[in-house]
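My notes are set out below as numbered points, to be read beside the sequence and the model.

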Amino acid sequence: ACTVPAAREPVTLGYEHGAAMAAMGRAQDARDVITARILTEAQARWPEQWRSLRPLPFRFASWVGYDMDGRTDIGWHTSIGFRLAEKAERLARYTASLESLDAAHPLLATLKPAAAFAKARAEDFAGDLSSADALAAAANRLTTHSADNLLSLSPLIAALEAEAGSAAPDRAVKLLTLAAAMRADGLGMGWIHFRVNAKQLHNAIRRRLGEDEPIDLASKGAIATLRRMVEDAAPLRTNFAALATESSTAIRQFLAMAQILKHIDADAPIRMLVAECEQPATVLAALYFAKLFGVEDKVDVSPLFETETALEHGGRFLDALLAEPAYRAYARQRGRVAVQTGFSDAGRFVGQVPAALAIERLQGRL
């Protein structure tokens, strides 16, 4: 006979996020083992050159707490709070790695206060922010300049790699393994993926067009209009007050990304998944908002091909996008074109077996 626990922990958003972070922590530990083995093997093969190797076997990402498509239990402050908690956890893990290598390492004087600051700010945003005063206090403590609010790991990575250049081989391997982890994850447990539905973006862009200018987003006219909007968009200054008063889900996502890049992690790019994306105009609309809020250099707008129409016409979709000078300039700036094929939802739209075949055909076309 098997026994079933009398009580199970309910699957709340907090539980889900904790489980995702635990999984990413185990993945980080495994990647460190791989990185150290690569460096040790390189040391034997290339004794004069191995210290210049910069391995990056894997990156990890999560959308738990950032996926607004069909969720009502995720407020913008939830996403900010989770990102701060992830920063605190990752800085604590970097600190532990460096302490195990050298308990008196000078970089600990940077890492320890930074981890404490992030933890305190995460606790601010995990509290009750229903009142304007509480929200303003939490935002002010995060945005007021503090030397403890670490926004980039680049100086630490450079210092670790410089030290590894002349350190004993075993110490050098550990220093370079930590630097590789920092380069992979940045100031979080991994990279993050926000997600909105194409309809949410359409609603947001129509508000910008004005009621006297109805537009069919499948039309060539829509592409021409959005082309002009992207070209003319001038970055706006944003803050947490704008986030608190914004009613549009899609615009809130871009505002939240802007605050994360400005006040939490200035280096790690953010993936912006657009669910049920069938029109190139939808991506241009996302690009317009990314430019409007000054994050187009750090945000990868990624159409999610999952409906029958998107899976069948994804190749032509990308052709149309790449015909747009503004999108080409954006792709060059980011150094990548992001696309996702949604297997689970594609199964819901067209069935699992046809979806698997459609995704394979789409990959061939891409």
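1. A word on the basis first. This is a predicted model, in which local features need pLDDT of at least 70 and side-chain atom pairs count only at pLDDT 80 or more, while totals for chains, interfaces and linings use all residues. Residues are numbered from 1 along each chain as its sequence is written, and side-chain values use heavy atoms, with hydrogens and water left out.

2. Let me begin with the charges. The count of salt bridges comes to 24, each being a side-chain nitrogen of Lys or Arg within 4 Å of a carboxyl oxygen of Asp or Glu. One of them joins Arg195 to Asp67, with the closest N and O atoms 3.0 Å apart. Arg195 belongs to strand S2 (residues 191–197) and Asp67 to the loop between strand S1 (61–62) and helix H2 (76–101), so this pair ties together parts that are 128 residues apart in sequence. Helices (H or I, at least four residues) and strands (E, at least two) are DSSP runs, numbered from the N terminus. Arg195 and Asp67 are both buried, meaning under 20% relative accessible area, where exposed is over 50% and partly exposed is in between (1.4 Å probe, protein chains only).

3. Have a look at Asp300 and Arg334 too: their salt bridge has its closest N and O atoms 2.7 Å apart. With Asp300 in strand S4 (residues 299–305) and Arg334 in helix H13 (residues 325–334), the pair ties together parts that are 34 residues apart in sequence. Both Asp300 and Arg334 are buried.

4. In helix H14 (residues 343–350), Asp345 and Arg348 are three residues apart, which means about one helical turn between them. They form a salt bridge, the closest N and O atoms being 3.5 Å apart. Asp345 counts as buried at 18% relative accessibility, whereas Arg348 is exposed, with a relative accessible area of 55%. A network of salt bridges links Asp345 and Arg348 with Asp67 and Arg195.

5. On to the rings themselves. Nine aromatic pairs turn up in a search of the whole structure. Phe289 and Phe293 have ring centres 6.5 Å apart and planes at 10 degrees, so they are stacked. For such pairs, rings of Phe, Tyr and Trp (its six-membered ring) need centres within 6.5 Å; planes under 30 degrees apart are stacked, over 60 edge-to-face and the rest tilted.

6. Two single residues deserve a glance. Glu276, in the loop between strand S3 (270–275) and helix H11 (280–292), has a positive phi near 50 degrees although it is not glycine. Asp170, in helix H6, is exposed, with a relative accessible area of 61%. The C-alpha atoms of Asp170 and Ala36 are separated by 9.7 Å, the two residues being 134 apart along the chain.
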